[in-house]
Amino acid sequence: MSAHTEAHHGPPEAHQSSRVDARVLGMFLFIASEVMLFGSFFTAYFFVRVSGHQPWPPHPFHLPVFVAGINTAILVTSSFTMHWGLTSIKRGNRAGLQAGLLLTFLMGLTFLLTQIREYSRLGFAPSDQAFGTIFYCLTGLHGAHVFVGLMLLLFATIRAFRGHYTPEAHQGVEIPGIYWHFVDVMWIVVYSTVYIL
Amino acid sequence: MRNPFRSEAEAYRFLLLTIGYFGAILIATLAGGKWAGLAIFAGLTLAGLYWFFRRGESERPVQTAPRRRGGEDERRILVIANETVGGATLRETIRERTAGYRANVLVVSPALNSPLKHWVSDEDAARAGAQQRLDASLARLRESGVEAEGEVGDGNPLQAMEDALRTFGADEIVISTHPEGRSNWLERGVVTGARERFVVPITHVVVDLEAESEDVRQAPT
C-alpha cells in the first residue's frame with residue numbers, strides 16, 4: 001500500500017471556517033431572516049400609525065390590554081421555565097428538564113389559545129381599516145411563530161420523556177430554546193408598541 | 001461583536017435585557033408622558049449600543065485547537081508571512097524546526113487589501129500580488145533546501161491562519177513580520193491575537209528585509 005493511500009481514510013473532512021456550530025449558525029441565520037420579516041411588518045405598522053394622525057388605537061377600536069398583559073406574563077414565564085429546563089439537563093437533572101419543557105409547552109399553548117379566544121371577542125376583523133389589517137398581521141405572524149415553537153417544544157418534550165439528552169448532548173433542547181426566546185422577545189416588542197405605547 | 005442568539009443562555013440574557021428595556025420605557029411613558037418615554041428610549045438605546053460594541057472589544061476569543069495530522073515522524077509547520085516570507089531568518093527558522101523530521105511546510109500569504117477594496121469585493125489585485133510574492137518565496141525556500149507548498153489566504157492574517165489550520169492542521173505556526181515600528185501586523189496585534197486564539201506553539205520571526213538586502217549588497221565588495 002502506498003503512502004498516499006495510507007494517509008486517506010474515507011472522504012476528506014468538511015471544511016468549515018465558521019467559529020459557530022453549523023446547527024446554531026443555521027438557527028441564527030433563520031432568526032436573522034425572521035427579524036427582517038418582522039421588521040417589514042413593523043414598518044407597515046409604524047407607517048399606519050404615524051400617517052393616520054389619530055390616537056392609537058383609532059376610534060372606535062379597543063384592544064384587550066389587560067388580557068394581553070396576562071398573556072405576556074405567561075409567555076415570559078415560559079421562557080424562564082425553558083431556561084430552567086436546559087440548565088437542569090446541563091447539571092444532569094432529567095426531571096428538571098422534563099418539567100421545564102412540559103411547563104414551557106403548556107404555557108405556550110395557553111398563550112396561543114388565549115390569543116385565538118381574544119380574536120373572537122375583539123369585535124373587528126382584518127378587513128376593518130388599515131388598523132385591523134396591521135393588528136391581525138402582526139399578532140397573527142407572531143402567533144404562527146408561537147405555533148412553530150410549540151411544535152419544536154413538543155418534539156423536544158417527547159424526546160426528553162423518552163430518555164434522550166444528556167449533560168453533554170442537548171442540542172435538541174438548545175436550538176428550540178433559542179427560537180423560543182426569540183419568539184418571546186418579538187412578543188414583548190409587539191405588546192409594548194401595539195397594545196401599550 | 002457577538003450575536004445575542006449564539007446560544008440559549010445568551011438568548012435568555014437578551015430576553016431579560018429586552019424585558020428591562022421595554023419595561024423602563026413603558027414605566028417612563030405611563031408615569032411621565034410621551035417625552036419621558038422617548039428620553040428613556042434614546043438613553044437606553046445609546047447605552048445599550050455602547051455596551052454592546054465595547055463588550056465585543058474586550059471579550060476573549062474562542063480558542064481553536066487543530067486536530068493532529070500526519071505521522072509521528074512528520075512535523076507540520078504553518079508559515080504566515082507576506083512580504084517577509086523570503087527572508088533568510090525565516091528560512092533558517094523553518095530548517096531548525098523541521099530538523100530530524102519529515103517536514104511538511106505550508107506557506108500562507110494573506111491577500112492584504114485596503115478596507116475600502118475589501119468591502120467592495122475588489123480583491124483580484126490583492127490576490128494576484130499575494131500569489132506573486134508567494135511564488136517567489138516558495139522558489140527561494142526551495143533554493144535553500146526547504147520543500148514547501150503555498151496558498152493565498154484571507155486578507156485578515158488571523159482568519160487566514162484559522163482557515164489553514166482547519167485544512168492543513170499544524171504542529172507549529174511561524175509568523176513572520178517586519179521589525180517593530182515597520183510592521184503593520186505587530187501594530188494590529190496579530191501575533192498576540194494568534195496566541196490567544198490558537199492552541200498551537202507559535203514562533204514569531206522578525207525579518208529585517210532591509211538589513212538582509214544591505215548584506216547582499218555588501219557581500220561582493
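Which elements of chain B do the buried residues of α3(B) pack against? They pack against β1 (74-80), β2 (102-110), α5 (124-143), β4 (172-177) and β5 (202-206) of chain B. The model is predicted.

**Helix α3 of chain B**
- Helix α3(B) spans residues 88-98, and its buried residues are B:Leu90, B:Arg91, B:Ile94 and B:Thr98.
- These residues lie on the same side of α3(B), because they cover an arc of only 100° around the axis.
- Just after α3(B), B:Gly100 has a positive phi of about 85°.

**Nonpolar cores**
- The largest nonpolar core contains 39 residues, and A:Ile178, A:Tyr179, A:Phe182 and A:Val183 have the most contacts inside it.
- Two or more residues of this core come from each of α2 (22-52), α3 (65-90), α4 (94-121), α5 (129-161) and α6 (171-196) of chain A, and also from α1 (8-32) of chain B.
- The element that gives the most to this core is α6(A), with 13 residues.
- Leaving aside residues up to four places away in sequence, A:Tyr179 touches A:Met27, A:Gly149 and A:Leu152.
- Another core, of 35 residues, lies apart from this one, and B:Leu90, B:Val105, B:Val107 and B:Val191 are among its residues.

**Contact between chains A and B**
- Chain A puts 23 residues into the contact and chain B puts in 19 residues.
- On the side of chain A that touches chain B, the elements giving two or more residues are α2, α3 and α6 of chain A.
- The largest share of that side, 10 residues, belongs to α6(A).
- By class, the side of chain A that touches chain B has 12 nonpolar, eight polar and three charged residues.

Notes:
Residues numbered from 1 in each chain as written. Chains lettered and ligands numbered in written order. Predicted model: local features only at pLDDT ≥ 70, side-chain atom pairs only at ≥ 80, totals over all residues. Core = buried A, V, L, I, M, F, W, Y, C linked by C-beta atoms within 7 Å. Buried ≥ 20, exposed ≤ 12 C-beta atoms within 10 Å, placed from the backbone. Helix = DSSP H or I, 4+ residues; strand = E, 2+ residues; numbered from the N terminus. Contact = placed C-beta atoms within 7 Å. Nonpolar A, V, L, I, M, F, W, Y, C, P; charged D, E, K, R; others polar. Arc of directions from axis to C-beta.
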